[in-house]
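Work through the exercises below with the sequence and the model open. Each task is followed by a solution in steps.

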Amino acid sequence: MNEYELKVFDEVEEWQRKMQKRSSLMARASKKLQTKVNGMIPGKVHQIMTDSIKSMVKATLAGSNLTTKKWQGRGLSLYEQDQLLEKKLASYRKTAAVEGAGTGAGGIFLGLADFPLLLSIKMKFLFEAASIYGYDPAKYEERLFVLHIFQLAFSSDQKRAEVVEVITNWDQRKQSLLEMDWQDFQQEYRDYIDLVKMAQLLPGIGAVVGAYANYNLLDQLGETARNAYRLRILNTPPA
């Protein structure tokens, strides 16, 4: 390993510990509030979320939403790949924030429209991340890995610990993972973001909440993707 890779190794180990650590008391209290809010959300809203996630998972596994270029990071050092990812992430964060502000300012109907739009932005970013780190998202196993990154970024403590173990041992585990349980996937994601996304529907503050929430959700996804691919490269560099 070179000096940068040694630094990354330490960062990835710290990230793994963070992913396996129980949330703070404040986070657990927020989770209880989320559960209460979840019960107050109209059934139509739940259905839109469920249908959007189901469609996204199926499209990703089928590869029908794959639009990124192959091998963007082929031949680059890990440092150069990290720099390229940060550049791409900055662009996606801005796009997500602008989209969140626009739909948040439009009331409940446009606010609901933000949900599938944000899913699309997130998946497009993850496909780009795969390509940047030298993995071909046209391959089924790489699209499955992308979905695991997504789930790792937006899940409960228990599920996060399970998924980080799968990602850490991906080469040994991937053969037994034929598909994602989309129902479990969508429930974890919905529970994770319900509270902040519902605030986006409120008159007067929707635009501000939408922009802030989307920016930070992309930032969180970016950190997860960066470290998940770093971990794979350090364990087994892409062929």
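Contact means heavy atoms within 4.5 Å. This is a predicted model, in which local features need pLDDT of at least 70 and side-chain atom pairs count only at pLDDT 80 or more, while totals for chains, interfaces and linings use all residues. Residues are numbered from 1 along each chain as its sequence is written, and side-chain values use heavy atoms, with hydrogens and water left out.

**Exercise 1. Glutamate 142**

Task: State where glutamate 142 is placed, whether glutamate 142 is buried or exposed, and which residues glutamate 142 touches.

Solution. Step 1: glutamate 142 sits in helix H6. Helices (H or I, at least four residues) and strands (E, at least two) are DSSP runs, numbered from the N terminus. Step 2: buried means under 20% relative accessible area, exposed over 50%, and partly exposed in between, with a 1.4 Å probe and protein chains only. The relative accessibility of glutamate 142 is 3%, so this residue counts as buried. Step 3: when residues up to four places away in sequence are not counted, glutamate 142 touches Tyr135, Asp136, Pro137 and Arg232.

**Exercise 2. The whole chain**

Task: Find how many helices and strands the protein has, and what share of its residues is buried.

Solution. Step 1: the protein has 10 helices and 0 strands. The order from the N terminus on is α-α-α-α-α-α-α-α-α-α. Step 2: of the 239 residues, 47% are buried. Step 3: take the contacts between residues at least 6 apart in sequence; 82% of these join residues at least 24 apart.

**Exercise 3. Packing of H6 and H7**

Task: Describe how H6 and H7 pack, and which residues make the contact.

Solution. Step 1: two packed helices are described by the angle between their axes and the distance between the axes. Axes are lines fitted to C-alpha atoms, for helices over the stretch in contact, and angles run from 0 to 180 degrees between N-to-C directions. Step 2: helix H6 (residues 140–153) and helix H7 (residues 157–168) have axes 9 Å apart, at an angle of about 150 degrees. Step 3: angles under 35 degrees count as roughly parallel, over 145 as roughly antiparallel, 65 to 115 as roughly perpendicular and the rest as oblique. H6 and H7 are therefore roughly antiparallel to each other. Step 4: H6 contributes Phe145, His148, Ile149, Gln151 and Leu152 to the contact, and H7 contributes Lys159, Arg160, Val163, Val164, Val166 and Ile167. Step 5: these residues divide into 7 nonpolar, 2 polar and 2 charged. Here Ala, Val, Leu, Ile, Met, Phe, Trp, Tyr, Cys and Pro count as nonpolar, Asp, Glu, Lys and Arg as charged, and the others, Gly among them, as polar.

**Exercise 4. H1 against H7**

Solution. Step 2: from H1, Trp15, Gln16, Lys18, Met19 and Gln20 meet Arg160, Ala161, Val164 and Thr168 of H7. This contact comprises 4 nonpolar, 3 polar and 2 charged residues. Apart from neighbours within four places in sequence, glutamine 16 is in contact with Thr168 and Leu231. With the same exclusion, threonine 168 is in contact with Gln16, Leu231 and Asn235.

**Exercise 5. The nonpolar core**

Task: Identify the residues with the most contacts inside the largest nonpolar core, and the helix that gives the most to this core.

Solution. Step 1: a nonpolar core is a set of buried Ala, Val, Leu, Ile, Met, Phe, Trp, Tyr and Cys residues joined through side-chain atoms within 4.5 Å. Step 2: the largest one has 54 residues, and Phe125, Leu126, Phe150 and Tyr229 have the most contacts inside it. Step 3: H5 gives the most, with 11 residues. Step 4: leucine 126, leaving aside neighbours within four places in sequence, is in contact with Val146, Ile149, Phe150, Leu221, Ala225 and Tyr229. Step 5: alanine 129 belongs to helix H5 and, at 1% relative accessibility, counts as buried.
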